Amino acid sequence: MKKIVILGAGTAGTIVANRFKRILDFNQWQVTLVDPDPVHYYQPGFLFIPFRMYSEKDVIKPKRDFIEPPLRLIQSKVEAIDADHNRVHLADGTVLPYDFLIIATGVDIHPEETPGMLDGEWGKSIHSFYTLPTSQALRDVLRTWKGGRLVVNVVDNPIKCPVAPLEFIMLSDWYFHQQGMRDRVEIIYATPLSGAFTKPVASQLLGELLESKNIKVEPDFMIERVDPEAKKIVSYDEREIEYDLLVTIPLNKGADVIGKSGLGNELNLVPVDPYTLRAKAHPNIFVLGDASDAPASKAGATAHFSIDLFTEHFLDYVETGELPPYFDGHANCFIETGFGKGLMIDFNYTQEPLPGRYPLPGIGPLTLLQESEFNHWGKLMFRWMYWHILLRGMELPLSATMSMAGKWKV
Amino acid sequence: MPTRVIAGKTVEVDAEGFMTNPNEWNEEIAVELAKEEGINELTPEHWKVINFCRQSASANGKAPTLRAITSGTGISTKELFALFPKGPAKKVAKIAGLGKPEGCV
């Protein structure tokens, strides 16, 4: 009996487990998932909670709904990964030996890494929306907020869902309009990037969009500390931005156990070959989803595309020990732009996001890098597809590698 | 791929002016690129960071992140911002003839 252990039963862990269920012979294979949390979170939904577009029930379901026999699910914390001896130690003392290990422990926010962030004002004038409790706390504050200066700050990259801060800002703009108070709110986006986004074409187009919405971008802002009493953030080059309400995307780091087990870089991300997602140091460890250092978007779409391709090649790899460079870094994301509209970007390791059309079989083309109401509905429809199709390991009619069809060369 | 002449040498650069072939780099190019970035004189501290980044990139195939530079050189983030104002990781990568550091996306 060959054993696969999957650490983390979030988006990537659950999808890959259900893919294994389809391709493996369970008389010969055993697949075990380990996760301390019994709840599965639809993380893209956290963005909508502060604006009361979604509530808790829209974004949580029991993990057991998606992981059924012959898959095994152990609810436990992982104490250590002993990669030299191919085994995992759990918090309760259980030892799980493996032939192949899948690390899918993702990344989490670490507000404690920024001095001042947790010193008395966390949950009061300093908020986030990257977890369910933080998004709910922000919702409660926005409900009674009288206006002032809203500062949205990304501490450092990489972050989960790199477009979420922009979406949050544009949805805020819409929300404050709806509340009849936009004229009493100033919105500032302080980012460590040199513009609204990483890649030039998208950065320019998104930058223009923000400007048209009267949102100010403070580029190259690398935060050193928060001064919670004076209500200001201070950058390493001593720029200061005062706020009435700070929404932060704290430092994102991989799981502590990755660092503790000596498998991670300075952010507890596992170094991998970006084209196969195999750990550089261990040929029987693969890192799927957000937990690796691959320079792909940390997003569910990326996890989904890469896992489609990983499972296609896995059995060949078991047999021959060889892997082609199957993954091109393909990601696509809906970006909510407010007022019931959205846009979409589609890109990979080498091709930056471009404007154009994205072909979606059976439904019709989505507009790339241009606002449309259809993209907004696409995003909302995606929640249904996530719970009912994606997590269960079923195929979506989307190509896992990026295509240039429909994109405009600029 | 566009090219440009820096310190008398023709080198390949990308759309944002980052050199694409680290082997075409030399110290004269670094001095010239530093001036373009507003750094008039490269001190021994600057060179310590540049050399670390060159070594790190040749070992890992990519320019190091800010966190990797601070842990690798022992120079604090604050000092790095004083040496290479605004975005130290990006600025050093440019001066050291390395590609643009991989950010988010």
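**Close-up 1. Helices α1 and α7 of chain A pack with a right-handed crossing.** In this predicted model, helix α1 (residues 11-23) of chain A and α7(A) pack at an angle of about 30°, and their axes are 10 Å apart. From α1(A), the residues to look for are A:A12, A:I15, A:V16, A:R19, A:F20 and A:I23. They meet A:A303, A:H304, A:I307, A:D308, A:F310, A:T311, A:F314 and A:L315 in α7(A). Sorted by class, this contact of α1(A) with α7(A) has ten nonpolar, two polar and two charged residues. If you wonder about the spacing of such contacts, an α-helix has 3.6 residues a turn, so residues three or four places apart point the same way.

**Close-up 2. Helix α7 of chain A bends at A:F314.** The bend in α7(A) is about 40°. A:F314 is also one of the α7(A) residues that meet α1(A). How far apart are the end C-alpha atoms of helix α7 (residues 300-320) of chain A? They are 30 Å apart, which agrees with the 30 Å that its 21 residues should span at 1.5 Å a residue. Just after α7(A) comes A:G321, with a positive phi of about 75°.

**Close-up 3. Helices α4 and α5 of chain A meet through nonpolar residues.** The axes of helix α4 (residues 164-178) of chain A and helix α5 (residues 200-212) of chain A come within 11 Å and cross at roughly 20°. Because angles under 35 degrees count as roughly parallel, α4(A) is roughly parallel to α5(A). The crossing in which α4(A) passes α5(A) is left-handed. Here A:L166, A:I169 and A:M170 in α4(A) meet A:L206, A:L209 and A:L210 in α5(A). By class, that gives the contact of α4(A) with α5(A) six nonpolar, no polar and no charged residues.

**Close-up 4. In chain B, helices α2 and α3 are roughly perpendicular to each other.** The axes of helix α2 (residues 44-60) of chain B and helix α3 (residues 66-73) of chain B cross at roughly 110° and come within 10 Å. Their crossing is right-handed. On the α2(B) side, the contact is made by B:K48, B:V49, B:F52 and B:C53, and on the α3(B) side by B:A68, B:I69, B:G72 and B:T73. The classes in this contact of α2(B) with α3(B) are five nonpolar, two polar and one charged residues.

**Close-up 5. Chain A has a cis peptide bond between A:P69 and A:P70, and another between A:N157 and A:P158.** Most residues other than glycine have a negative phi, and most peptide bonds are trans. For the bond that joins A:P69 and A:P70, omega is about 10°. A:P70 sits in the loop between β4 (60-62) and β5 (72-74) of chain A. For the bond that joins A:N157 and A:P158, omega is about 5°. Where is A:P158 placed? You will find A:P158 in the loop between β12 (148-154) and α4 of chain A.

**Close-up 6. A:N214 has a positive phi although it is not a glycine.** The phi of A:N214 is about 60°. To locate A:N214, look in the loop between α5 and β14 (215-218) of chain A.

Notes: Residues numbered from 1 in each chain as written. Chains lettered and ligands numbered in written order. Predicted model: local features only at pLDDT ≥ 70, side-chain atom pairs only at ≥ 80, totals over all residues. Heavy atoms only, no water. Helix = DSSP H or I, 4+ residues; strand = E, 2+ residues; numbered from the N terminus. Expected span 1.5 Å × (residues − 1). Bend = angle between axes of the 7 residues up to and from the residue. Axes fitted to C-alpha atoms, helices over the stretch in contact; angles between N-to-C directions. Parallel < 35°, antiparallel > 145°, perpendicular 65-115°, else oblique. Left-handed = near helix turned anticlockwise from the far one by under 90°. Contact = heavy atoms within 4.5 Å. Nonpolar A, V, L, I, M, F, W, Y, C, P; charged D, E, K, R; others polar.
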